[in-house]
Amino acid sequence: MESVNDSKGKCGAEASAQPQPVRLDLAEVREKLSRQRGPEVWRSLEELAETPEFEEFLHREFPRQASEIDAVSRRGFLQLAGASLALAGLTGCTKQPPEGIVPYVKQPEYIVPGRPLFFATTLVHGGYAQGVLAESHMGRPTKIEGNPDHPASLGSTDVFAQAAVLTLYDPERSQSILHDGRIATWGAFVADLGNRLRALQGLGGEGVRILTGTVTSPTFAAQMQDLLTRFPRARWHQWEAAGGHHGRAAATRAFGQPLATRYDFSAARVVLAIDSDVLTEGPGNVRYQRDFARTRRVRKGNLQMSRLYAVESIPTNTGTLADHRLPLPAAEIEAFTLALAQAVGAATAGGDVLTDARARKFVQAIAQDLRANAGASIVAADEYSSPAVQVLVHAINQALGNSGRTVFHTAPVDAAPVDHVASMRELVTDMSAGRVELLLMLGGVNPVYTAPADLGFTPALQKVPLRVHHGLYENETSEYCQWHVPAAHELESWGDARSFDGTVSLMQPLIEPLYSGKTGHEVIAALFANRADATSFELVQAHWKTLLVGNFEEAWRKVVHDGIVPATQLPPAGASVDGGAVQQAANDIRASLQRARSEGSNKVTLRLRPDPTVWDGSLAQNVWLQELPKPLSKLTWDNALMVGPATAERLKVSHEETAEVSWNGRKVQAAVWVLPGMAEGTATLSLGYGRRRAGRATGLGFSAYELRTSQNLWNLPGAEIRGLAGRHDFACTQNHHVLPQGKRKSGMGEDGEIPLAGEQAEKRHLVMTGTLEEFRSDPDFIKKEREEPEPGESLYPGWKYEGHKWGMAIDLNVCTGCSTCIVACQAENNIPVVGKEQVQRGREMHWIRVDRYYAGDMDDPRIHNQPVPCMQCENAPCEVVCPVAATVHSDEGLNDMVYNRCVGTRYCSNNCPYKVRRFNFLRYSDRETPVLALLQNPDVTVRMRGVMEKCTYCVQRIEQAKIESKVENRPIPAGTLQTACQQACPTQAIVFGDINDPESEVTRWKSDPLSYGLLEMLNTRPRTTYLAKITNPNPALAAGQAHPEHEERT
Amino acid sequence: MQIFHRSTNTLAKVSIFGAVFFIALFAWIFSTLLRSSYATGQGIVLKQPVPFSHDHHVAGLGIDCRYCHTAVEVSNSAGMPSTETCMNCHRQIWTNADLLEPVRSSFANNTPIVWQRVHDLPDFVYFNHSVHVAKGIGCASCHGQVDRMPLMFQQATLQMEWCLACHRDPGKNVRPREEVFNLDWEPTDPASYKRYMQPLPAAASDPEWKPSKADVQALQAKLVKEYKIQSLTSCSTCHR
Amino acid sequence: MATIDSPLPKPYKPPVVAPGHTPGTVTDKISSVVLRRTPKWWYVGFGISFSILMMFLFCVTYLFAKGVGIWGINQPVGWGFDIINFVWWIGIGHAGTLISAILLLLRQEWRTSINRFAEAMTLFAVACAGMYPVLHLGRPWLAYWLFPYPNTMGMWPQFRSPLIWDVFAVSTYATVSALFWYVGLIPDLATLRDRTRNRAMKIAYGFGAMGWRGSAAHWHNYETAYLLLAGLATPLVISVHTVVSFDFAVGQVPGWHATIFPPYFVAGAIYAGFAMVLTLAIPLRAAFHLEDFITTRHLQNMAKVMLATGLIVVYGYMAELFFGWYSGNIYERFMLMNRATGPYRFHWFALLLCNAVVPQLLWLRRFRTSPFWLFVISMFVSVGMWLERFIIIVTSLHRDFLPSSWGLYKGTIWDWGTFIGTIGLFLSLIFLFIRFLPMISIFEMRTIVPGGTEGGEYTTAPEQEPGISTEQGAVP
Amino acid sequence: MKRPPIYGLMAEFHDSDELIEAAYRVREAGYTRLDAYTPYPIEAVAEATGHHHSKLPLIVLIGGIVGALAGYGLQYWAAVIEYPLNVGGRPLHSWPAFIVPTFEMTILFAALSAVFGMFFLNGLPQPYHPVFNVPRFALASRDRYFLLIDARDPLFDREGTRRFLADLNPTEVNEVEH
């Protein structure tokens, strides 16, 4: 497509201009290195990385702790030039600059100028597939939606999928093949490696090693098989930093083979999450959320509701939804699991392992509840629990007869289910022994940064004569490689991958590779099958030619169209847990419990987790994810060493204080963040930060990998935390600010603001809650709490809205706080990213936010999530005060915001009781970088400096739907008009529609007795309303754990 | 002692009225400038790579608008013809006219022709062709008698007040859907009037009869009803 | 007050003008200030103020280049120094018109010697205030959209918005006080025209005097016009700060949405205004030896007005607290608790100290009659009134309805630069004024000295005031 | 009537009472075209010279009314007729909100008509005036009081009037050139 080619040219030119400085720096170094080899020189490279110049350069690349005065000038995209350009931008009566029209030379028949197209394709995260529909405007992918036909999506997505488009256009992506830091050609690359390989081929590929992440792509697997037959002595290693290591180990122990486990939450009446965020993390999370939500939608007619227990050491989104949440230290959780296993007869009873009375009470109650719902319950522990715990969990599910009903064990989903840790260890030993001639690292793996610290990967790597790195970005690893090959983004390439349940879905390109990236398929084919010109299209199609049944052309066409290959879901495998393994697990737990309990009180268990937004660090350069407030902590642009208030007290460390974490002689510095709800004696630090070579993400946060060893991937018992004097400025979007005096009260934000906020939130009935029991006994119990003013209370008569009357309802009962809506909104509405320094000043731009409130005891708080978009008030306080009528009501009751009329008094924002308006204090939207222009949604104005903006209910979608209905002279079909947040929401917690239509879903929700509006007593008459959060406590526990909501409303 | 000359008295008095007069004058100049073709680009012919004549192709050869502007009925953009569209004919005719060299080379080298946009709305305005066409707003209503334009120019001011004028009273510009692409359609032409207006006024039987202003308004009122045309002046109708 | 005779034996009241003055002497004395050679300290003072003004221009340039993001404002706190300063200056800009208009209607002859520069101060304060509504805009180059004028967009201002009311109120106020001031100046300009020996100045003053010659007929229309203007300015001056208070009272925010605001703001304005008049009058009086005309009587009366309005303001605070408690509205209550215990508690206590505690000293004559103490106290009041606006705007906004959106505000160096910069502008204008125009209304002074029709009060001062240096009028 | 050789005769007095006294005498003598000049407004002088009513209040009243109508009219037309918009669910004609600008417009127009009305009635600006030809008239803006008899007065007689004025014991009598 011409337009694409054309744009591609531009971007190439522009973007290669941008990161020039770093290239040059390293180029010089590499030159030196290429002349004389040897470890000492490499060390000098690391030294260079520490030099002030380099540091200084990094800071230029991504400024941090910007000071008061020139904070602004430091922000790259705010040059004066820009400002003056902006002046000419949106003003009412300026003369337009001349504009060209570039029509096609030959117009593809399927393209209608101005109309978007949707293509089914696949995005891969941690090796697992999520089927998506990509929206393409004139050949530019601009937005990702879920693929309704795909089992891992059902039309929704997670945050990573939503943010994928940004990575696609990211000007920081590596843009050309590099040889020793100098730009080289694909031909040269193939030639160079070809020579080496020919030499090695004689030896059957001795010394050829390939390192990838988790691979589920059938085509790629087949290619590897073929490769290993041609090069029998070559080895394929895998390292997925945040992969399913414990899970695989546990399965192998329990079933003798690395079976995969998946759940069917729609069939579960009782769910117990053991130290696991099973609902919102992992390959199946979107599907799981959808299924689980189905069992929680309490409405007037429908009082069926599942029950969720969460026993966890770290507060999770799953925990926030739980009817009963029990915070326990990691070791105690293991004990808890053992006790539970004994209680349900999954493990042989033998001595009470629990010391905590409350835990004991929980075990009894839960066990009873589980037994009562045998076969219709799920006990879930995820990757981060020890294998022993997971073995017991398998046993428990089996004992309860859940296996095969709600819990399914299938053949492994990944193509080569090896133990990644072992695989890495083998690789490193061979490298250090000099047995590796050529190491080919595919798919953006970054072992220099992510490999277990104890293996000593980096020094070993330097013993390998030829090192090749292939990935989207240059990173710590590519720095150590002679060859770097840019990878093609999923949206640029053909491919295939399996989702959590094994279903294969197809990947098709929406745009030619912007930065001439190559897919893994192509690299393998070029190097090992002598097919330098083979395209991934040919390779993928060739692979499926034999496998698709029926007429290939039709079948292929259908597969490409639907995005999924039919009947590829993995069937449940009958598997039984080995009794010995259970016994073994029990003993292990007893042993570790011994150790834990004998331990000194100054020790904590440090738990490592993948970061909720940047995952294992591979997404660090995606600024949407960086600026996305992390669930619960609401941190942006950083990770932190999280501890509970009590623990912080005990360890004498305070909020935002830098501290030293030491474990087994390894030390890391990190800043402390006091997080309510953390279990006593537990600390957590997420992976993915402290990158040394990651463009704009360089130097953000603290690297957890330096503590992570092959033995302890997730749990580091007996870690020590020592407070240092220093301070770290975090950027948090809720109840946390840089204080006037720059001082901090220990923990809990300024002057203990966080508990105060929680207390006020409950006083003000912002999140209305109740129990299923209350609802059953009096369906109107929420109504009675509402402070809705009488219709006649206003001096003025109300407005009548004929025709459409748009409204939205949000079901707090199923909102997990996963924050997908935020990124979806950002992508749909061209919402700019403002950067850490501006977030610290409280200027983030997200149109929808997820409010989080803690109430009660800060060590075991009640946690509420509440998504807050614009309320589209009928009596909008913002409109009355706008002097220029830049925000007024539409005939359909939308609170229109007209950017081009706004003069920026900010009066509307001051007067908005919901504080949902966002102001362009500076020039936030990047108009300099051409490639980012391709990302913009053409149906939404890109806002300039000095104007107000806010949620519009995706008015561009509304207008499009209306126009189509008018042109085709038919009503808008039900369910076709969705807002971006609604469409992306995995639990379908958001519905939007026409309130004047009695049949519409939104009308039904709003007429439910659980429906209420935020701050109704202000008589703003919000169009966005909420459904109260209903919990289903276990009577046996409710007594003990007097349910908060009672006193809350008395 | 005397400081000022006699004449200053008159001068001083006049200057007071003069001030008022000058303020008024500047206000008038300002508002005319804002509406001048300098500010609006109205009536200005832009230099195009190929001096394409709508006059020749539409009036002369009778090519329908939609032959080139293919998307006008289905999309917000009317769509610009691809080089291929031009070549469909110019493979056969005027195959070596110098004027058409850019077209041929574009087709040969597969490089798009870059036209100058004549009707250029600000980026914060979202206009949709398909809905206007569907509601019976003729091309001529905004683009003027394109078939009388040897070289294309912008006929209307395209200023907000101009859009509003029609959005507040769409009846003025509505015409039968069948006539949307007929650039010369005349509401007062008896033949066409009789075709679309039911019931006809009694006088219409008279062969000499011509529809009066009132008759035309009656027709437009009928169409507005029939096409369910609303007066849309909400901001989000155009600004998103 | 001064002229109302009480049945009780009259206590000693210092005269409004020291004895021994005649129309001639007052004319010479006051015009001499303008006609004499410029004193050294004037250059120094003006130089300093002007350089501050230059710094202001620098800040504004940077502001226009970068955007309001260079200030400390943020999501919950959308208004900061910009609107605080606006309200503060507008408040200060009330004393002048009040003194000249209301006191004129009340026949307070003591106003005569202070009204002229009080009016000037009003104009300059309004000029400073008037800039902020433009500066605080995200897109200041579009400020003209706030005025109703026919445009190609077919758009008009949104007349329900208090900001539009501000536009009308402030521009009207600026115009009317300018006219009032100028009309008052005409006869004095004539005086200067006849006094100055410098040809250029003669023309300049003559131009301003419009050929005024003190004809009886003219005086008659003139007096009528002046009286009518006073009558119009009085409701106007009250309306202006009422409208400014609407900016907040019309809002929903707890701490803004209060019916007490209009009276409480007006009182506050007068309070601040008189404070500023004193802050200027006391040094000027000393610098130009005007003790004869700005006597302790004036200082006392102004002090009394300050005390009275100060008490009204304090009543406003009390009322707010009471409403907060009595309404039982949890948002109101929280807002007040937050003022007293939240992150800005120190500002709040400082405010109470400056506005409520310190001015109570004015109950004592010793402080009322001591220029030094009056100067100090009025400084306190000026600071206090600025803090009051800070409390109203910032502490109300930073923690409003949704605890999730709470924030903090802190002015940046640019906020301070702009604020101090406007003070530079203000002082520069004041310096120019005292240099080139009579800072006391000469013709009105003539009316109250012996020989003047209304005559002075012949109460004798206990100690004789220093003699007057008369300078012969310029008669060729 | 042909232009008399001089503009008139001007007598200078030392204080206001003498001036008032003189003014009455002049009018008793039947002079009608006379004017007095004083350093500050003196009601009695206005009475004496017969200038004691002004049309200004009426002008101001009219100005005020026009302002009020213009103010309210503008708002009503813009908000209800020209571009009716639903602003925060308030009715198009939200009269309470329209009061403030109306009031301000009233004051503005009234004030403007007061000032310009005064200029108009006083015939200002008039930088040149014959009286300035009398050197000592500069003191009229200090502490001297002047009485002028216009030469166009029917009773005016250059010598006679001069003598008549001299009898009112002024400090001097001056002829005023055109």
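These are my notebook entries on what I looked up in a predicted model, chain by chain and contact by contact.

**Ground rules**

I number residues from 1 along each chain as its sequence is written, and I letter chains from A and number ligands from 1 in the order in which they are written. Since I am working with a predicted model, local features need pLDDT of at least 70 and side-chain atom pairs count only at pLDDT 80 or more, while totals for chains, interfaces and linings use all residues; side-chain values use heavy atoms, with hydrogens and water left out.

**Entry 1: where chain A meets chain C**

I looked up contacts (heavy atoms within 4.5 Å) and found that 72 residues of chain A touch 66 residues of chain C. The buried area, meaning the accessible area (1.4 Å probe) that two parts lose on being put together, summed over both, is about 5,800 Å² for this pair of chains, and carbon and sulfur atoms give 57% of that area. On the side of chain A, the residues that lose the most area to chain C are R764(A), R901(A) and Y907(A), together 13% of what that side buries.

I then turned to polar contacts, which are pairs of N or O atoms within 3.5 Å; within protein, one atom must be able to donate a hydrogen and the other to accept it, and residues adjacent in sequence count only if both atoms are side-chain atoms. There are 38 residue pairs in polar contact across the interface of chain A and chain C, with both residues at pLDDT 80 or more. For elements I rely on DSSP runs numbered from the N terminus, with helices (H or I) of at least four residues and strands (E) of at least two. Several elements of chain A each supply at least two residues of the side that touches chain C, among them helix 6 (80-89), helix 25 (753-763) and strand 30 (849-855). Helix 25 of chain A gives the largest share of that side, 6 residues. Sorted by class, the side of chain A that touches chain C holds 38 nonpolar residues (Ala, Val, Leu, Ile, Met, Phe, Trp, Tyr, Cys and Pro), 17 charged ones (Asp, Glu, Lys and Arg) and 17 polar ones (the others, Gly among them).

**Entry 2: salt bridges**

The rule I use asks for a side-chain nitrogen of Lys or Arg within 4 Å of a carboxyl oxygen of Asp or Glu, and it gives 80 salt bridges over all chains. Across the interface of chain A and chain C it finds 3; R906(A) and D82(C) form a salt bridge, at 2.8 Å from N to O.

R650(A) forms a salt bridge with E680(A), with the closest N and O atoms 2.7 Å apart. Here R650(A) counts as partly exposed at 30% relative accessibility, and E680(A) is partly exposed at 36%.

In chain B, E101(B) and R104(B) form a salt bridge with closest N and O atoms 3.1 Å apart, and both lie in helix 6 (residues 101-109), 3 residues apart, about one turn of the helix.

I also found a network of salt bridges that includes D28(C), E12(D) and R136(D).

**Entry 3: a covered helix in chain A**

How many residues of helix 28 (residues 820-828) of chain A are buried? The helix is mostly covered, with 9 of its 9 residues buried, including C821(A), Q826(A) and E828(A). Just after helix 28, N830(A) takes a positive phi of about 50°.

Chain C has 16 helices and 0 strands. Its radius of gyration (taken over C-alpha atoms) is 24 Å, close to the 23 Å that the globule rule (2.2 Å times the number of residues to the power 0.38) gives for 476 residues, so chain C is as compact as a globular protein of that length. Of the 476 residues of chain C, 69% count as buried.

Chain D has 5 helices and 4 strands, in the order β-α-β-α-α-α-β-α-β from the N terminus. The radius of gyration of chain D is 25 Å, well over the 16 Å that the globule rule gives for 178 residues, so chain D is more spread out than a compact globule. The C-alpha trace of chain D spans about 80 × 35 × 30 Å along its principal axes, and buried residues make up 57% of the chain.

Notes. Buried means under 20% relative accessible area, exposed over 50%, partly exposed in between (1.4 Å probe, protein chains only).
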